[in-house]
Amino acid sequence: MTENVLKTDNSQTKMLKNDKDFVVPGDEIVKSMEYLPGRNCFREGDSLISKRLGLVNINNRVISVIPLSGVYLPKVGDMVIGEVKDVQSNGWIINMHAPYMAFLPLSGIKEFVDTSKTSLSKIFGVGDFLYAKISGASGDSLQVSMQDNMCRKFRSGQIVKIISVKVPRVIGKQGSMINLIKDKTGCRINVGQNGFIWIEGEKEELAKNAIKLVEQESHTDGLTDKISALLENKGGKK
Amino acid sequence: MVKREDGRKPDEMRPIEIKAGVIKNADGSAMVKFGKTIAIAAVYGPRAMHPRRMQEPDRTVLRCRYSMVPFSTTDRCRPGPSRRSTEISKVTREALEPALFLDEIPKTVIDVFIDVIAADAGTRTTGINAASVALADAGIPMRDLVASVAAGKIGKEVMVDLAGKEEEETSCDVPIAYMPRSKQVTLLQMDGDIPVKDFNDVLKMATKSCEQIYKKQKEALGERWIK
Amino acid sequence: MNIQEQFIKDLASKGNRNDGRKEKDYREIIIEKDVIPKAEGSARVKFGDSEVIVGVKMGVGAPFGDKPDSGVMMIGAELSPIASPDFETGPPREDSIELARVVDRGIRESKMIDLEKLCIEKGEKVWMVFIDIQIINHDGNLIDVAALAAVTALHNSKMPTYEKDVVNYEKKTKKLPVRFKPITITVAKISGKFFVDTTLEEENAMDSRVSVAIKDDGNICAVQKGGDSLTESEIHQIFDLASEKAKELRKLIN
């Protein structure tokens, strides 16, 4: 453990962990009232302690932990990829590998449907993969909608699954990583925040390998260079 | 100093091996070896709770299932739950529960499955060590890791991690689970006959050993995630 | 049908697979022996991400009435809930019972274990051989992985001794009397093509499968079909493919 003393205005604060250090639940990050607990941290007495396995992130006075594992926790506005598990009289049950099943109500789709004439399974059937938006997430009630312009049903291509906490790395800053992969492979790719990723194109295999590499090496430096190298060596566009 | 069956010092545990991430299908997993005892733990969840009547409206339910594989023991043990395994499942749950934040995702369940594939004393404590690493590996929010070991007394000597014939010779056997940072005991059982004042020595040796196990648990998680 | 299944089927129709293998390719096979200290024999076998541990335990019991001078063999399988989000606790389901019975038939019908040598006292006492299959991680082809693990474990089993009505597990002097190496190969049909060593993803997309246990002399000693119907010529093709692969896998057992 590296110990590092940070001078602040009026006190000496003992940092027990530094930015980007690996922590497990229960690891003390700092003993000080000068800092505030952010995501995946909690305070006990003077100490700020990690709640999750991950990497320390120090942002001014807020300390948080970026998790390396864990199930997807839905947030309103997230784009996700889910699989239709059941068709009911007023909507669809969607599995997106979150702690709860999601519901897509009839009112959540763009088309008007006369339920007396059309069976809902004609619109989306069991086993269909949908690109949908989380429209409600409170308590155990989870709702998705297909009204956003990006929403659709996938008719071909393949689904790759990764750990959801790695999704931000697969997307990259302002989409830099995913755009790199799209450019070099020529594939169409939709990333669900829940870790389901849809790929279609000539070089699906290459795109999949690149995404899997990001997932495995998400915590390492120089990731963009590694991915560029992989994509160029394996016959992607230069 | 009494010489132990396998030549260990009184406060010396058997060789310990911990590996995180051993089951690809699980959300988190770990294998822990204490000498010839081997436990594998897998964590699934938090996920939707079925049957629904077992849901808790305001919290995540922790469900533990401890099981001994038929070939783990000298005399083949029958597969399926027994009174013993049902009790151990319950105390395992209570050993882990204090370490978890269970109020964040209501109406769900975290399943912890422990398979003891080789049994040579200390199966419940080895199982708890594996489960704790598996929970952290799964990204479950926790206050601390849980480390677990048994201590006891043979003659006048306090000893940790009893194994082999020592279990028969001991005047008491105290398995504990412990959260080393917050110094809280989460599992406490005892069989035997011992004066109260000696009990403290037994407890002290067990908690000291838990701190060593804790270090190895952290190392195993580091090896899994930061290569 | 879901697009992932469609994707697997489309690949299969060209003889391709999601992980880059060809029809007749196995995943990396890892075999470890003697992994369970208290078992009479044991093996951990991995085909890619599918992992199985088999332990052999022995005891003394009464023979079956119709075979008073023959030892008893029993095989059990547990699809432990540690191995898959879809496995549940509780009594064994169809899948685990079928798994145990298919592995059982391959070993029993090949007469791999010389059960007559396991008689202690005719009609009274014989050795019982318990073979327990424990699934650690499920990524398809469990029958073949379990069968290979069981045969490997049996070939490396040592018998405890029986003295004055007590089994002494500390003293293991003799090897378990085994003689053959039956190999079970499961061939899956996907989009009209035949594949060995299917992953879970492929099993979700497959039309049918046939498990064939093959003896050292090339004879077939057990068969189990699952899924959709097959033509006679397809069955011949499956047997030919299984026979070819069995020879390769047999070399891995020692």
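Q: Let's start with a helix in this predicted model: at about what angle to β12(C) does helix α2 of chain C run?
A: Helix α2 covers residues 94-109 of chain C. It lies across three strands of that chain, β9, β11 (208-214) and β12. Relative to β12(C), helix α2 runs at about 165°.

Q: Another helix lies across β9, β10, β11 and β12 of chain C; which one is it?
A: The helix in question runs at about 135° to β9(C). It spans residues 232-250 of chain C, and its name is α5.

Q: Happy to look at the sheet itself now: in what order do the 4 strands of this open sheet in chain C come?
A: Strands of a sheet pair through backbone hydrogen bonds, either parallel or antiparallel. Here the pairing is antiparallel. The edge strands, each pairing on one side only, are β10 (193-196) and β12 (220-227) of chain C. Neighbouring strands are turned by 20° against each other on average, direction ignored, and the order is β10-β9-β11-β12.

Q: Which residue of β10(C) is the bridge partner of C:A188?
A: Strand β9 of chain C takes in residues 183-190. It runs antiparallel to β10(C), and 4 bridges join the two. In β10(C), the partner of C:A188 is C:F195.

Q: Stepping back to the whole chain, why can chain C be called as compact as a globular protein of its length?
A: Chain C has 5 helices and 12 strands. For its 254 residues the globule rule gives 18 Å, and chain C is as compact as a globular protein of that length because its radius of gyration is close to this, at 19 Å.

Q: What percentage of the residues of chain C count as buried?
A: The C-alpha atoms of chain C fill a box of roughly 65 × 35 × 30 Å along the principal axes. Among contacts with a separation of 6 or more, 68% are between residues 24 or more positions apart. Of the 254 residues, the share that counts as buried is 47%.

Q: Over in chain A, which element gives the largest share of the side of domain 2 that touches domain 3?
A: Chain A is divided into domain 1 (4-67), domain 2 (79-153) and domain 3 (158-233). The centres of domains 2 and 3 are separated by 26 Å, and 8 residues of domain 2 are in contact with 8 residues of domain 3. On the domain 2 side, β10 (79-87) and β13 (129-138) of chain A each give two or more residues. The largest share, 3 residues, comes from β10(A).

Q: How many nonpolar residues does that side of domain 2 of chain A have?
A: By class, no charged residues are found on the side of domain 2 of chain A that touches domain 3. There is 1 polar residue, and the nonpolar residues number 7.

Key: Residues are numbered from 1 along each chain as its sequence is written. Chains are lettered from A and ligands numbered from 1 in the order in which they are written. This is a predicted model: local features need pLDDT of at least 70, side-chain atom pairs count only at pLDDT 80 or more; totals for chains, interfaces and linings use all residues. Domain bounds come from an automatic or database domain assignment. Two residues are in contact if their C-beta atoms, placed from the backbone, lie within 7 Å. Ala, Val, Leu, Ile, Met, Phe, Trp, Tyr, Cys and Pro count as nonpolar, Asp, Glu, Lys and Arg as charged, and the others, Gly among them, as polar. Two strands pair if DSSP finds at least two bridges between them. Axes are lines fitted to C-alpha atoms, for helices over the stretch in contact, and angles run from 0 to 180 degrees between N-to-C directions. The radius of gyration is taken over C-alpha atoms; the globule rule is 2.2 Å times the number of residues to the power 0.38. A residue is buried if 20 or more other C-beta atoms lie within 10 Å of its own, exposed if 12 or fewer, and partly exposed in between; C-beta atoms are placed from the backbone.
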